[in-house]
Each structure stands twice: as C-alpha cells, then as structure tokens.
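Biologist: Can you put the model up and walk me through a few local features? Plain words, please.

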Amino acid sequence: MMDTLCDLCLAQVCCSLDALCSRRADGSMCLSWAPVLPQEVADQLLLEMVQKKILNDTTVRIFQNCKELRLRRASIRCCQVSAEAFRLALCPHRLQELDASGVLGGLTVANIVLGLASNPACRSSLRRLSLPGLRVGWESLEEDAGPCVGFSSLRGLRTLNLVNTDLTDAVLEDICTLPQLESLDISGSAVSKLTALLNCKNTLRSLTAHRLQQLDVSPGRMLSVLSQLHTVRHFDFSEDHLSVDDGDGRDGDETVRQLLDGSPQVLPSLVSLDISGRRRTTEAAVRAFVEARGALVFLGLLATGASSCDILSSKKNLKVTGEANEYQVCEALRRYLDRECFIREALVHLYNLTADIDKPRPDMLKLVLNGMQSHPTSLHVHLVATACVFNLTTQDLAVTMPVGLISATVTQLLYAMKTYPNHQQVQKNCLMALCSDYILQDVLFDKYLAATLVINWLRGHEDAPLQRMAVAVVSILVAKLSTEETAQLGKDFFIMKQMLAIVQQKAMTGVVDSTLKFALSALWNLTDEMPTAARNFIECKGVELYEEVLESYSTEPSVQQKVLGLLNNIAEVEVLQASLMEEDLLRNVLSLLQDSQVEQGVRYFAGGTLAQLVSRPEAWTLDSELRSTIVKQLHASIATWTQLEREMVSYRSFRPFCPLLQTRQPSGVQLWAVWAVHLVCIQNAPHYSNMMEKDGVTELLRALAAHPDTHSDVKGLSDSILRVVEQHQSF
C-alpha cells in the first residue's frame with residue numbers, strides 16, 4: 001500500500017523534530033509553531049513517533065500543547081515514558097482510547113489510572129484502555145498517601161485489557177463496578193476468584209481469561225458464575241498447554257467439560273468460545289456443544305486434539321482454530337498473534353502443511369511474518385517460522401508474491417540470524433531461504449548486513465551443502481554492495497582468509513564446482529578498486545594460491561577468468577604491483593593472452609593485468625625483454641579480437657584506465673584500455689557515457705584521437721567511443 005501525502009508529511013515531521021522544536025528549561029521538547037491539527041492527524045503523529053521509536057520522555061512532551069495537538073486515540077506502546085511525562089503530556093487530553101502496552105520507564109497501571117482520573121473530561125470520555133504487561137503498583141501510591149482513585153473513577157470505560165499484569169482480586173472488584181464495562185481481558189493475571197464479575201453481569205459482553213494459573217475456583221462454582229453472565233457473547237478460557245503439566249489444570253478442564261456438556265442456559269448469549277490448550281477436551285463433547293449452540297460463529301480448539309470433529313466442517317459460518325486443516329491453522333495464526341504458545345503450535349502444523357506446497361501463498365507468508373514480528377525474543381517461534389518461510393518461498397514461489405512482503409520477510413530473517421547467531425538450525429533455515437536468485441537480485445533489503453551475517457556463519461561451519469549456499473549468497477551480495485559497503489567488508493581480514501581457504505580446499509582436490517566459482521567471484525568483487533582488500537588478499541598468500549590455481553585449472557575458462565579478474569584488480573593498485581612481479585606468473589598470463597584457442601574473456605583479463613603492469617616502466621623489476629615482449633603481444637593479440645555482444649564485465653569507475661590512456665603509453669597498453677572502454681560503452685551507453693565525463697576519460701580519448709603518434713587501431717576505437725558518447729548526449 002502506498003503512503004498518503006499525510007503519511008509522508010508526518011514522517012518528515014518525525015525526521016525533523018529537533019529542528020521544529022524548542023526546548024523547555026527541563027530539556028523537554030515543544031513545537032516552536034504548530035497549526036491546529038485535525039484530531040486524527042494528531043493521533044497519527046503520535047503513532048508515527050511510536051513506530052519510528054522516537055517517542056520518549058523528551059519528545060512526548062510536544063503533546064503538552066493540547067490546543068493544537070488534540071489527541072483522542074493515543075498509543076505509547078512499548079515506549080520509554082515516565083509517570084511524570086505521561087501526566088504532563090497525555091492526561092490533559094480528552095482521550096477516548098489509550099494503548100500503553102508494555103510501556104517502559106516504570107510507568108504503572110496505578111500511575112496511568114490516577115493520571116487519567118485527574119482530568120474530569122477523561123473520566124467520562126475514555127472508552128478503551130490497554131495496559132498489558134504493566135505492574136499494577138497500587139501499593140506504592142498508598143504508601144505515598146496519594147488519593148484513593150481506582151478504575152471505577154473512569155466511568156465511561158467499556159473495554160479494558162490487563163493481560164499479563166499482577167492484577168489482584170481486590171482490583172478486579174473495583175473494575176467490575178464500572179457501569180458500562182463490556183469487554184474485559186484478564187489473561188495471565190494473578191486473579192484467583194471470578195465472583196466479582198457478577199457485578200457487571202448486565203453489561204459484560206466479552207470475557208477473556210486465558211492462562212489464569214492462580215485461579216482457585218471449583219468447577220461447580222465457576223459454572224454458577226458463568227450461568228449468571230447472561231450478556232456474555234465471547235468467552236475465552238483457553239490455557240497455555242506448553243506450561244501446564246499433565247496433572248495441573250484439572251479444575252479448568254473439568255469446567256470446560258461441564259460447559260460443553262451442559263445446558264445452553266449457561267452463557268445463553270454465547271456465540272464465541274475459546275478453549276484452545278485444554279487437552280482433555282473430547283470430540284464427543286465438542287459435537288454436543290456445537291449442536292446445542294446454533295448461533296456459534298467461533299470455536300477455539302487448537303492443541304485440544306478435538307479439532308477434527310466431523311461436525312465442524314459442516315458449519316459453514318463457524319470459524320475454528322485447530323490443526324485439522326489449513327483453514328484452522330491460518331485462523332489460529334490470525335487470532336493468537338499475542339500468544340506465543342499458540343503461535344508456536346500453529347507454526348508447527350503450518351510447516352507440515354507446506355512441506356510439499358507448489359503454489360504461492362502470500363497469505364500464509366504474511367501470517368508467518370506477523371508471528372515472527374510479534375515475538376521477536378522467542379527462539380521457538382523463529383525456529384519454526386524460518387522453516388516455514390523456506391517452505392513458502394522455495395522453488396521460485398516468492399517471485400509472484402508482493403515484493404514488499406518478501407522484503408519484510410527477508411529483513412526478519414536477517415533479524416533472526418543476528419539474534420540467534422549460535423543456533424545452527426535457525427541459521428540453516430535462514431540461509432536456505434536466502435539462497436534464491438530472485439531474492440538476492442531483485443528484492444530490497446540490507447545486503448551489507450546479510451553479507452556480514454552469512455560470512456560470520458561461515459566462520460564455524462564446514463558442512464559442504466550449506467557452505468556452498470553461503471558462499472553463493474556472499475558472492476551475489478558482494479556484487480550488490482555500494483562502494484563504501486564493499487570497502488568496509490574488504491577490511492575484514494577474516495573474510496579474505498575464509499574465502500581463500502575455500503578456494504584452497506577446492507583446488508587441492510581439483511574440483512570445479514559452484515562453491516569454488518562463487519568464492520572466486522566474491523574475492524574478485526571484494527578487491528574491485530579496493531586497495532585495502534587487495535592488500536589483505538596479498539597478505540593471506542592469495543597471489544601464490546592464485547598462481548597455482550591458474551596452472552591447475554588450465555582448461556577451465558570460468559575459473560581462469562575470475563582468477564585473472566582479481567589479479568587485474570591488484571595490478572590497478574600501483575603500490576601493490578610489486579606483488580605480481582613473478583616471472584613464471586607473468587609468462588603464464590602472457591601465454592593465455594597469446595593463445596587464440598583460449599576464450600576471449602580470459603584473454604581480456606590477461607591483457608588487462610599485463611597492460612597495468614607494463615604501463616609503469618619505472619616500477620618494472622623483471623627482465624626488460626619480457627616487458628618489451630608483453631607490450632608487443634598486447635597490441636598483436638588485441639588487434640585480432642572480435643567485438644563481444646554479451647556483457648562480460650562492469651566497472652565501478654574508469655579511474656584505473658586513466659594512466660593507460662596517456663599519449664606516452666605504448667600502443668598495446670592504449671589499445672587494451674580503449675577496447676575495454678568501447679566494450680562496455682556500446683553495451684550500456686547511458687551509464688558509461690556519464691562515467692567517462694565524470695572520470696575525465698572523454699578528454700583523454702580526444703587527446704589520443706588528435707595526437708599524431710597514436711596508432712590507427714587506437715585512434716579508430718577512440719573515435720568510435722566518442723561518437724557513442726556524442727549520440728547519447730544528443731538525446
């Protein structure tokens with residue numbers, strides 16, 4: 001979905017917040033000027049700040065200006081906000097909704113309720129309040145002799161979420177006096193009794209009581225309470241099946257059994273029931289319940305063993321969470337996003353369902369991604385989810401999916417690799433999912449991060465199939481990096497050492513496989529106009545190894561070309577040319593240049609390496625006759641080359657060519673350089689014409705073309721290149 005103009009403007013405000021604000025004496029921020037924003041836009045600005053992770057005690061204070069920035073639906077979810085900042089910035093607003101889930105900074109439920117109740121408008125206006133994961137903290141206020149204010153002061157409250165809090169029976173008593181309370185979620189709380197619910201039996205429509213492990217109510221008493229909740233339409237009494245021993249939860253399971261088997265007069269308005277995780281549930285009880293409740297629209301049966309009950313498939317309007325089929329599993333992934341135990345369970349079943357999938361399922365991939373994002377610290381979720389990602393994206397299944405979805409999924413895979421570096425199976429899952437030409441070539445994600453993570457994985461693993469994938473991924477990613485990123489990566493001595501070790505390992509056995517070729521390609525790209533990486537290569541004894549490889553693979557042009565391409569990169573660095581002054585090496589390279597039976601791509605890079613080395617006579621340390629032979633053979637060989645139609649090489653810049661295009665250079669050196677420039681220019685004129693102007697190559701070619709001593713072969717190619725540039729500039 002494309003961003004609206006409003007989205008873009010608010011994003012810019014967030015990026016420019018420092019410039020748009022002045023500072024109060026206490027350091028908090030205040031907008032220097034602001035128009036009166038529509039309430040929805042102010043809400044959206046706050047949410048944008050939350051999502052960009054810039055909301056804190058300092059920045060939230062811009063909302064202290066409640067005349068221009070009027071909040072109604074506020075979120076400070078998972079932000080670092082103190083009680084004081086909350087009181088000053090948010091409590092003056094006439095809020096209708098507040099989401100303070102997982103807020104950091106010591107803010108308690110009591111702080112929030114007290115702050116909201118301090119605003120008379122909020123007492124009546126607030127409809128929805130979400131406080132999952134917070135400490136209640138009423139005792140600290142009582143110790144400070146503060147005013148005795150409870151939930152009951154928020155008289156307009158209709159929806160309250162207190163999941164995973166230390167909610168007590170006493171506070172629940174206070175909550176249940178709210179005159180308009182319709183929806184209550186007390187999952188994972190410390191509540192032990194539910195009789196207080198009878199105080200709101202005439203208004204309560206939704207009760208969520210998942211994982212109440214301290215509940216101490218007999219099945220009979222529980223049914224007695226439920227039988228009086230005439231208005232409840234949704235009841236969630238599910239259990240975390242992963243944290244409950246077989247001997248625990250018997251009272252809860254018995255309550256469920258009696259509810260399923262009992263009269264429809266218990267919870268007579270019920271249309272939605274969730275008993276997922278209640279492992280003692282039987283198919284017979286489920287069948288009886290469904291038959292007795294004709295208005296039922298949802299039934300949660302995940303991890304009960306009863307979701308295969310035949311009656312469920314006959315009810316077309318009934319949604320079910322379970323493991324019997326993909327509809328039940330996907331429904332579970334949708335509904336239980338905030339429950340790790342159920343997400344884990346559903347992902348295991350989804351993995352089995354997708355093992356042999358042959359059609360793109362972006363809907364499933366989105367559910368898996370949501371599960372991973374909702375549980376960033378759960379190893380168990382990421383272990384199964386990354387395996388599901390591989391199932392759903394392998395065999396080109398990703399190609400037809402929305403590219404934004406694939407991009408977000410890859411980003412989450414990288415997060416998993418970074419978060420769980422020592423978990424072999426997570427790393428393997430992520431690596432297998434990344435090893436896709438489409439993903440690596442066409443999808444936007446942080447390729448530098450991906451390359452570093454995969455290289456780090458290589459440090460401690462020699463598993464041949466996985467090593468092959470890892471080297472392939474690195475090779476492709478390195479070619480996609482910016483110049484700055486490649487330089488940063490090339491500084492890592494280990495990377496060079498690791499890649500050369502792989503080359504040596506393959507060379508010792510004489511194997512020619514994709515791992516060798518990808519390792520050679522990665523090294524070639526890492527050293528392209530990267531002097532530091534080239535120096536690391538030399539210090540790791542790379543030149544000696546490559547000399548051996550060149551001799552050992554004398555009939556393998558795909559290997560020869562990559563080896564010579566890297567030697568060409570070293571030859572371009574003047575201070576490193578001495579490392580290539582080995583007579584046997586250069587005579588071997590020269591023989592490849594001269595041999596008309598050798599592929600032209602191999603001869604091209606052999607020529608480039610030699611042209612760079614002979615271009616500086618003052619740095620030549622070998623026999624002068626060898627240099628003269630190379631100079632002559634460069635011209636003689638290149639003059640026989642035919643123009644290639646396929647793309648063989650690409651260049652970051654033409655700067656390494658500039659010394660070769662000087663009028664003082666021998667014609668063989670000049671001819672290799674103009675042939676190379678001509679090759680890439682006719683294949684991609686717009687890109688390389690601009691590069692020529694930028695790097696000063698156009699002027700050098702004009703000088704060559706005009707110089708009386710320039711060889712006709714060089715002059716002819718120079719004129720041809722200049723015509724291509726002029727034609728491009730005329731468009």
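Modeller: What follows covers helices, salt bridges, a charged patch and a few loop residues.

Biologist: What should I know before reading any numbers?

Modeller: This is a predicted model, where local features need pLDDT of at least 70, side-chain atom pairs count only at pLDDT 80 or more, and totals for chains, interfaces and linings use all residues. Residues are numbered from 1 along each chain as its sequence is written, and side-chain values use heavy atoms, with hydrogens and water left out.

Biologist: Start with helix α1. Which residues there are buried?

Modeller: In α1, residues 5-15, the buried ones are L10, A11 and C14. Buried means under 20% relative accessible area, exposed means over 50%, and partly exposed is in between (1.4 Å probe, protein chains only). Helices here are DSSP runs of H or I with at least four residues, strands are runs of E with at least two, and both are numbered from the N terminus.

Biologist: Where do they sit when you look down the axis of α1?

Modeller: The buried residues of α1 fall within an arc of 105°, so they line one face of the helix. That arc is taken over the directions from the helix axis to the C-beta atoms. The face turned away from the buried side carries the exposed residues L5 and C15.

Biologist: And how many residues of α5 are buried?

Modeller: Seven of the nine residues of α5 (residues 109-117) are buried, so this helix is largely enclosed by the rest of the structure. The buried ones are V109, A110, I112, V113, G115, L116 and A117.

Biologist: New topic. How many salt bridges are there?

Modeller: The structure holds 24. A salt bridge is a side-chain nitrogen of Lys or Arg within 4 Å of a carboxyl oxygen of Asp or Glu. One of them pairs D18 with R23, with the closest N and O atoms 3.3 Å apart. D18 and R23 are both exposed.

Biologist: What about E529, which residue is its partner?

Modeller: E529 pairs with R655, and their closest N and O atoms are 3.4 Å apart. E529 is in the loop between α24 (514-526) and α25 (531-539), and R655 is in the loop between α30 (624-638) and α31 (667-683), so the pair ties together parts that are 126 residues apart in sequence. R655 counts as partly exposed, at 49% relative accessibility.

Biologist: What is the phi of E529?

Modeller: Near 55°, which is a positive value in a residue other than glycine. Most residues other than glycine have a negative phi. L267 also has a positive phi, of about 55°, although it is not a glycine. L267 lies in the loop between α10 (250-261) and β10 (272-274), and counts as buried at 0% relative accessibility.

Biologist: Which residues make up the negative patch on the surface?

Modeller: E544, E548, E551, E582 and D584 gather there. Patches are made of residues with over 30% relative accessible area and no salt bridge; like charges are joined within 9 Å, and nonpolar side chains (Val, Leu, Ile, Met, Phe, Trp, Tyr) within 5 Å. Helix α26 (residues 542-552) gives the largest share of the patch, three residues. E551 lies in α26 and is partly exposed, with a relative accessible area of 48%.

Biologist: Last one, the loops. Is H93 buried or exposed?

Modeller: H93 is buried, with a relative accessible area of 2%. The loop between α4 (83-89) and β4 (97-99) is where H93 is placed. H93 and K67 are 26 residues apart in sequence and 9.1 Å apart in space, C-alpha to C-alpha.

Biologist: And L215, where is that?

Modeller: L215 is in the loop between β8 (206-208) and α9 (219-226). At 22% relative accessibility, L215 counts as partly exposed. From C-alpha to C-alpha, L215 and V191 are 6.1 Å apart in space and 24 residues apart in sequence.

Terms used. Areas by Shrake-Rupley, 256 points an atom, 1.4 Å probe, with all protein chains shown as cover. Lys, Arg positive; Asp, Glu negative; His and termini not counted. Charge placed at Lys NZ, Arg CZ, Asp CG, Glu CD.
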